[in-house]
Amino acid sequence: MTTRFLGPLEVGPQGLGCMGMSQSYGKGDDVESIATIHRALELGVTLLDTADMYGSGANEELVGRAVADRRDQVVLATKFGFTRMPDRPVRGDAEYVRQACDASLRRLGVDHVDLYYQHRVDPDVPIEETVGAMAELVGQGKVRHLGLSEAGAATIRRAHAVHPIAALQSEWSLWTRDVEPEIAPTCVELGIGIVPFSPLGRGLLTGAVTSLDDLAEDDMRRGLPRFEQANLARNMAGVAALRALAEDRGVTAGQLALAWVQHRGSTVVPIPGTKRRRYLEENVAAASLELTADDLAAIDAAVPAAAGDRATAAMLRLANH
């Protein structure tokens, strides 16, 4: 595959989100997950995305085992910030930044990560303090490039003034377009790449989920407004419209939705998540799907806005600070 740039960081045009291998979407399978990571590298997917909160560290350990004998093939990204403490769900103070990074390096079994994100902005700590501490990690060789996740435009500017930000990770899909009015243009202006997570609407845009019965009892999507039964039934109309367009192209609805995200810009690198090789291969094929301006307009016109918020109220309160 051709490559794209997140700031100065060169990566494949599509990354792999590893969260679901360890939490949120039903039971994991470490053997298949590691095989999926290895297959991703074979197919030219270089950006692997994890975080210290995924599986309470288990996901970093899994990714570390998967890349132990092929570290030079990987652009390794992880994140810090969530604490799982009700009274302080996120931390961005300098002391915590240093502690979190060292803990992630131990779990991953590496001496550096290529891209280190603040998972959510701490509203109680100036972004200058957080990014200043992250910049110290760059100076120490523990981190190569810095990123933010779900940050607002003003915060991105302040952070970038302290140390260059290579990438912003935010949710972006046909059904989640909050970044488009202000955040994405700010990133383009500053030369910051964008890494959309959940580019398939947490699987909803693929048509794989048609009712709550399709989800495991412990699947986190059961708690999301967009997956509530009434909203889910309404959202199936959008999936049907997308599927009709996809069938005309000889591709799946998921591939068309993913290609739509890939066409948002030359510095956009989506990270669809999967823990199975067959879905990985389907996703990767979308990276070579060409869409014209007319195609993109037709998709926009055919697919109605989603019913229900993309996340819980508590999670949305932490976004776009």
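Start with the whole structure: a search turns up 23 salt bridges, each one a side-chain nitrogen of Lys or Arg within 4 Å of a carboxyl oxygen of Asp or Glu. Keep in mind that this is a predicted model, where local features need pLDDT of at least 70, side-chain atom pairs count only at pLDDT 80 or more, and totals for chains, interfaces and linings use all residues. Residues are numbered from 1 along each chain as its sequence is written, and side-chain values use heavy atoms, with hydrogens and water left out.

Now pick out one of those pairs. Select Arg120 and Glu150, whose side chains form a salt bridge at 3.8 Å, N to O. Arg120 sits in the loop between β6 (113–118) and α4 (127–139), and Glu150 in the loop between β7 (143–149) and α5 (153–162), so the pair ties together parts 30 residues apart in sequence. (Helices, H or I of at least four residues, and strands, E of at least two, are DSSP runs numbered from the N terminus.)

Next, select helix α1 (residues 30–42) and helix α2 (residues 58–67). Their axes come within 9 Å and cross at roughly 55°; axes are lines fitted to C-alpha atoms, for helices over the stretch in contact, and angles run from 0 to 180 degrees between N-to-C directions. α1 and α2 are therefore oblique to each other (under 35 degrees counts as roughly parallel, over 145 as roughly antiparallel, 65 to 115 as roughly perpendicular, the rest as oblique). Show side chains for Asp30, Ser33, Ile34, Ile37 and His38 of α1, and for Leu62, Val63, Arg65, Ala66 and Val67 of α2: these make the contact, meaning heavy atoms within 4.5 Å. By class, that's six nonpolar, two polar and two charged residues (Ala, Val, Leu, Ile, Met, Phe, Trp, Tyr, Cys and Pro count as nonpolar, Asp, Glu, Lys and Arg as charged, and the others, Gly among them, as polar).

Hop over to helix α3 (residues 94–108) and α4, packed at about 40° with axes 8 Å apart. On the α3 side, look for Ala94, Val97, Arg98 and Cys101; they meet Glu129, Thr130, Ala133, Met134, Glu136 and Leu137 in α4. This contact divides into six nonpolar, one polar and three charged residues.

Last stop: helix α7 (residues 229–249) and helix α10 (residues 293–302). They pack at about 155°, axes 9 Å apart, which makes α7 roughly antiparallel to α10. Which residues touch here? Ala241, Leu242, Leu245 and Arg249 in α7 meet Asp295, Ala298, Ile299 and Ala302 in α10. The tally is six nonpolar, no polar and two charged residues.
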